[in-house]
Amino acid sequence: MLFRPPWRKIEDIGEYAEALGFEEESYLDLFQAVMELDKKYRVSVLLFYYERYSTAEIASIIPEKTVSTRLFRAKAKLKNYLKEE
């Protein structure tokens, strides 16, 4: 921890989720499942579903086919994760 750069702070997702105040418990479960995804999948999901960017708009950052592939894979991972829960 001493040698970690100060801009790479680790925050508790649970506290952040409580601050958001979800209406239903299932929304909280889904949010936690999304936050468990790898960063490359999580970013695509957050931009597309939460921030409401289109795949074309996200494609200004990464290629559009990559966005579609990552969204497809993220949905599959979330489906498996939520089935287990």
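In this predicted model, helix α3 is followed by Arg52, a residue with a positive phi, near 65°. Helix α3 itself covers residues 39-50. Its 12 residues, at 1.5 Å a residue, should span 16 Å, and the end C-alpha atoms lie 15 Å apart, which agrees with that expectation.

Two packed helices are described by the angle between their axes and the distance between the axes. For helix α2 (residues 25-36) and helix α3, the axes come within 8 Å and cross at roughly 140°. On the α2 side the contact is formed by Leu30, Phe31, Val34 and Met35, and on the α3 side by Arg42, Val45, Leu46 and Tyr50. By class, the residues of this contact comprise 7 nonpolar, no polar and 1 charged.

The buried residues in α3 include Tyr41, Ser44, Val45 and Leu47. An α-helix has 3.6 residues a turn, so residues three or four places apart point the same way. The cover over the buried residues of α3 includes α2, α4 (55-58) and α5 (64-84). Val45, one of the buried residues, also takes part in the contact with α2.

Ser44 is located in helix α3. Its relative accessibility is 1%, and Ser44 therefore counts as buried, the cut-off being under 20%. When neighbours within four places in sequence are left aside, Ser44 is in contact with Ile58, Ile62, Arg70 and Leu71.

Definitions and conventions: Residues numbered from 1 in each chain as written. Predicted model: local features only at pLDDT ≥ 70, side-chain atom pairs only at ≥ 80, totals over all residues. Heavy atoms only, no water. Axes fitted to C-alpha atoms, helices over the stretch in contact; angles between N-to-C directions. Helix = DSSP H or I, 4+ residues; strand = E, 2+ residues; numbered from the N terminus. Contact = heavy atoms within 4.5 Å. Nonpolar A, V, L, I, M, F, W, Y, C, P; charged D, E, K, R; others polar. Buried < 20%, exposed > 50% of the residue type's maximum accessible area, 1.4 Å probe, protein only. Expected span 1.5 Å × (residues − 1).
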